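Here are my notes from going through this model, as promised. Have the viewer open while you read.

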Amino acid sequence: MEILWSSGIQTPPFPHLRLTKWNLLKPRSVFCSGKNGESSGFSTGPFQIKLQADDNMEMEDRLQSMNSQPHKTQNDIWQLFKEAQRNILHLNKQRVMAIEELEAMKREKKSYLEKIEQLEVEKQAYSKKDKLSIGSELLLRIDSMVLTGIISAGEASDLRRLVIDSKVSVADDFSDILHKRDVELLAELRLFSDKRKTKGFHIMHICTEMAPVVSVGSLASYVTGLSRALQRKGNFVEVILPKYASLNVDEIQGLQRIEAEFYSYFNGNLHKNRIWTGVVYGIGITFIEPVNYSSFFSRERIYGYSDDFERFTYFSRASLDYLVKSGKQPDVLHIHNWETSIVGPLFWDVFVNQGLGGTRILLTCQGFDSQCLEQPGKLALCGLDPSGLHRPDRMQDNNKSHLVNILKGGVVYSNKVIVLSSLQSKSQTVHSLSYGLEATLATHKDKLSISPCGIDSSTWDPLKDKLLPQSYRADDMSGKAVCKAALQQRLGLPEHASTILVGCIVSEVSDIDMENLATLLRISSRKAVQFVFMGADKISGNESMESLQEEVKNENVIFLDKYDEPLSHLIFAGSDIIWCQSFDDSLLQVPLKAIKYGAAPVALDFADKRFRHNVDHHNFESTKLSQFISNTFANVSLSQAIDEIKNNPSRWNRKIMDAMRKDLSWGAECCDVHVGAYKSLRTL
């Protein structure tokens, strides 16, 4: 009976069970009472069941009847049990429903708390903008004040210098008032008197790409990487870009259109432009949007049109007109490749006496293979004098004398020229890689410098890489073995830690020497080496690659049909050797990433020989990075690298770890070369 009453669902009493009067007077029972007096559970105390008043009276009557009738049939007693059970089950059901409702309320409360927490985080992230972003936004507001006529260009210049010289104090004092109207903000600026001198430079990039806003080639990562490094070292950097229709606006902080239009000269007339401003990585960006020539930058692609000269000449002239209108006076106008090289002759022939007397021009070239040759008469579109520039010592092309060479004009009219190369020396650049500009570069060799590229250390660092299964560094390489196992497992390669793994990531599959690649694969097969190939473009559709795949079908050889950025991180981390299509790779920067991730960059045998032929170990005009690569990896073929890993692993590991410790970021040698160039401009 005690078990029967203390359970939630009872079984019928045995038919032969006989109840005495004592049994009825002293039964075991349960007491169901929840919080605040609600029914919610069971206990084994005295026989108390909280029911409706009528139910209690009915039960008492029945008990009294049972006591007075000792011969009551078992059917009546069983009826009593059934009613008690129904009441207990009802109470149980109510309790379960109450618990479920309580849990639902808890879940809802938790959801609300999480939303509140997320909103607080977003609010704090917005309110605690980094100091560079605040300074950049403030300078863009000053630009807006000039264009809308609130202040003069002269006062704007003074205010900009104040902000640049006191960027730390400005960030602290103005972070909470940037939302104010221009007039109110101007009043605060005029009261701001904490002016501090600085030796930093004010650099203005006029360019056609900047990562991650608009990226096509190596220029985009270079502009962003160098600009961030320069600002971290106390310089102030701004960028002017075309307002492409394809801009990645999600990466632009505070993008807004200035409610004023300005005019720039082109093809004999003044044309209206819209100005947009925003901040990317703490760098102030100005976007120029043509109104009359709106089709110039509303296209699907950035480059590759028959009127590219007109498009980028319009932008270059508009950028200089904007500088004059806004009163900006940067120390350096930094222009890039042929697309903005026209800024050089425009600056010295038209703009230098319009308040820019203290500004100098620096041209950066990713290479000289793209120069832009045009009819001389087209120079008049932007206000230049064709007859004065179509001369051998100015813009006349060295080979096609009836044309003008836009990149040559940039070289001639810039105060300093920097060529980006992680491999070549100045003499090699002038004599072997000038693409017809050898005479011009030789004439201007004193203003020519070579700078290596860099990598984004916030993205490409095995110690901080979130895409790797385990991080590692030069002093603790255990994580690299984990990455190799993960790569083998993901690609279906036999999982052997001791197997040498060669990775290969190329920018253009069509540029690969198939004969050399086939040789590489035969070496890999003969030495039981695993090989992973990935191109920036698709393998499928390339007949030579498809044929090679059929020829070398092997469980240790994997061809990936498309480029996968996250997987590329794992390939660098899991490989012992990275085959490099070129040691001078400014687009994918494969050699630098290989070194950083503890994989040896190795060229194909024939490319290796050509590289060794070009390396001058005693050429002091080459970069430190170039000298390091030539001394460490230039003379190592794939076969030699494999043999050294197998036969002398301790020596090999020391070489790899020493290489990993090199600072290959944009803030290292690349930034130092540019700062040195800026300093030399101050003496001109």
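The points below cover a helix pair, the surroundings of one of those helices, and a histidine in a loop.

1. First, a reminder that this is a predicted model. Take every value below as computed from it.

2. Start with helix α16 (residues 478–491) and helix α19 (residues 565–574), whose axes come within 8 Å and cross at roughly 125 degrees. The crossing of α16 past α19 is left-handed.

3. Which residues of α16 meet α19? They are Lys-480, Cys-483, Lys-484, Ala-486, Leu-487, Arg-490 and Leu-491. On the α19 side, the partners are Leu-567, Leu-570, Ile-571, Phe-572, Ala-573 and Gly-574. By type, the residues of this contact split into nine nonpolar, three charged and one polar.

4. The length of α16 checks out: at 1.5 Å a residue, its 14 residues should span 20 Å, and the end C-alpha atoms sit 21 Å apart, which agrees.

5. On burial, α16 has Gly-479, Lys-480, Cys-483, Lys-484, Ala-486, Leu-487, Gln-488 and Leu-491 buried. Their cover includes α19 along with the strands β12 (501–506), β13 (530–535) and β14 (557–560).

6. Elsewhere, have a look at His-444, in the loop between α15 (438–443) and β11 (448–451). Is His-444 buried or exposed? His-444 is buried, because its relative accessible area of 19% is under the 20% cut-off. Setting aside neighbours within four places in sequence, His-444 is in contact with Val-411 and Val-412.

Notes:
Residues are numbered from 1 along each chain as its sequence is written. This is a predicted model: local features need pLDDT of at least 70, side-chain atom pairs count only at pLDDT 80 or more; totals for chains, interfaces and linings use all residues. Side-chain values use heavy atoms; hydrogens and water are left out. Axes are lines fitted to C-alpha atoms, for helices over the stretch in contact, and angles run from 0 to 180 degrees between N-to-C directions. Helices (H or I, at least four residues) and strands (E, at least two) are DSSP runs, numbered from the N terminus. A crossing is left-handed if the near helix is turned anticlockwise from the far one by less than a right angle, and right-handed if clockwise. Contact means heavy atoms within 4.5 Å. Ala, Val, Leu, Ile, Met, Phe, Trp, Tyr, Cys and Pro count as nonpolar, Asp, Glu, Lys and Arg as charged, and the others, Gly among them, as polar. The expected span of a helix is 1.5 Å times one less than its number of residues. Buried means under 20% relative accessible area, exposed over 50%, partly exposed in between (1.4 Å probe, protein chains only).
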